[in-house]
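Open the model in your viewer and keep the selection tool at hand. The tour below goes from one selection to the next and says what to look for at each stop.

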Amino acid sequence: MPIPPATPLAAPAGVTRPDPHPARTAAAADRPVVLVTGGARRIGRAICEALAGAGWRVAVHHRRSGDAAQALVAQLQAAGVEAAAFAADLADEAQCRALLPAVLARFGRADAVVNNASLFEHDEVASFSYAAMERHWRANTAPAIVLAQALHNHLHSARVAGSGRGGVVVNLLDQKLWNPNPDHLSYTLSKAALQAATTMLAMALAPVLRVVAVAPGVTLHSGDMDDAEFAAAHRMTPLGRSSTPQDVAQAVAYLLAAPAVTGTTLLVDGGQHLQAQPRDVLFLTRAANDTPQTD
Ligand SMILES: NC(=O)c1ccc[n+]([C@@H]2O[C@H](COP(=O)([O-])OP(=O)(O)OC[C@H]3O[C@@H](n4cnc5c(N)ncnc54)[C@H](OP(=O)(O)O)[C@@H]3O)[C@@H](O)[C@H]2O)c1
């Protein structure tokens, strides 16, 4: 879904403000390229669609969802957007390190990476294992750092060659880092590390890269959540609705076009992070449904 054009703000006297959406006005061959990991389905797909609408050429990464990735690429191409699909298991370091070079070989440049791919398995203190921890860190934390490193190396070389281009990395976090509960322990720890990495990468990779994050609230069904539980989870937020995939994608599109923003996170969650929750919303909605009626 294309995002509406933003209204440009007037620049203060003496400051030349760059076009906030250069991607939309560039000639097709000069348009910037974004890699969206886990881009074939769900939130990743919405991000690909929004960025295509904002003028980006899109590299759609997938692991198992090859058919969905190809269908999305065909949809974007039919709309006149240059797009291609790339397969990689990001938990495999060699495959992860080969991903950005493959994008560069196909498009000739890369300007942004959206680290959206994620493993989300349930565990808690009682069931915690080294293996669960390692699976989540290999899927959710290490690939984001390797891809940021690769984008930095590419853009640093391009700057040495005189391009003057900068890049952006957007990491997908989770509102539960601001509103912790003990469910999904290994997933949460992997995202907490990614939050810390966002700060550290923003410091280490400036001025070539900006590194930012978006933290959604409950956005799509997870696990075996049914429709009633999903609707109840949305109603529990202060705004009475949490994020849609399009809300998350809009935040990503804003951050890609925000030249003064780095090292920070946008929470897009209907205010869920403001509300202490002792357990994951899935279990809270189930507990509410299980409460016997006393009237
Ligand atoms: N959904 C929510 O309500 C919610 C809430 C808070 C935060 N978030 C965050 O928002 C982002 C998107 O959420 P989502 O629910 O759309 O994600 P998701 O469906 O759980 O996962 C997105 C994709 O990640 C890919 N993936 C997983 N492990 C991988 C690996 N080892 N290598 C390569 N790809 C791998 C899978 O690609 P394939 O299908 O191709 O295998 C999957 O389709 C995630 O970072 C998530 O933590 C989501």
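Begin by selecting helix 6 (residues 142-160), whose 19 residues should span 27 Å at 1.5 Å a residue, and whose end C-alpha atoms are 27 Å apart, which agrees. The expected span used here is 1.5 Å times one less than the number of residues in the helix, while helices (H or I, at least four residues) and strands (E, at least two) are DSSP runs, numbered from the N terminus. Before going further, note that this is a predicted model, in which local features need pLDDT of at least 70 and side-chain atom pairs count only at pLDDT 80 or more, whereas totals for chains, interfaces and linings use all residues. Residues are numbered from 1 along each chain as its sequence is written.

Within helix 6, now colour Pro143, Ala144, Leu147, Ala148, Ala150, Leu151, His154 and Leu155, which are its buried residues. They cover an arc of only 165° around the axis, which puts them on the same side of helix 6; the arc is that of the directions from the helix axis to the C-beta atoms. A residue is called buried if 20 or more other C-beta atoms lie within 10 Å of its own, exposed if 12 or fewer, and partly exposed in between, with C-beta atoms placed from the backbone. On the other side of helix 6 you will find Ser157 and Val160, which are exposed.

Next select helix 5 (residues 130-140), where the buried residues are His136, Ala139 and Asn140. They cover an arc of only 80° around the axis, which puts them on the same side of helix 5, and on the other side of this helix Tyr130 and Ala131 are exposed.

Move on to strand 6 (residues 209-216), where eight of the eight residues are buried, so the strand is largely enclosed by the rest of the structure. Both of its faces are covered, with Leu209, Val211, Ala213 and Ala215 buried on one side and Arg210, Val212, Val214 and Pro216 buried on the other.

Asn171 has Ala213 of strand 6 as its bridge partner. From strand 5 the chain crosses through helix 7 (residues 185-205) to strand 6, and this β-α-β crossover is right-handed, a term used if, with the strands pointing away from the viewer, the path from the first strand over the helix to the second runs clockwise.

Then show strand 7 (residues 265-268), which pairs with strand 6 in the parallel sense over four bridges. The bridge partner of Val214 in strand 7 is Leu266, and Pro216 stands opposite Val268.

**Helix 2 and the ligand**

Finally, select helix 2 (residues 42-53), which is mostly covered, with 10 of its 12 residues buried. Which helix gives the most to the shell around the ligand? Helix 2 does, with three residues. Of the 26 residues around the ligand, Gly38, Arg42, Arg63, Ser65 and Ser118 come nearest, a residue being near a molecule if its C-beta atom, placed from the backbone, lies within 6 Å of it.

Note on methods: Pairing = 2+ DSSP bridges.
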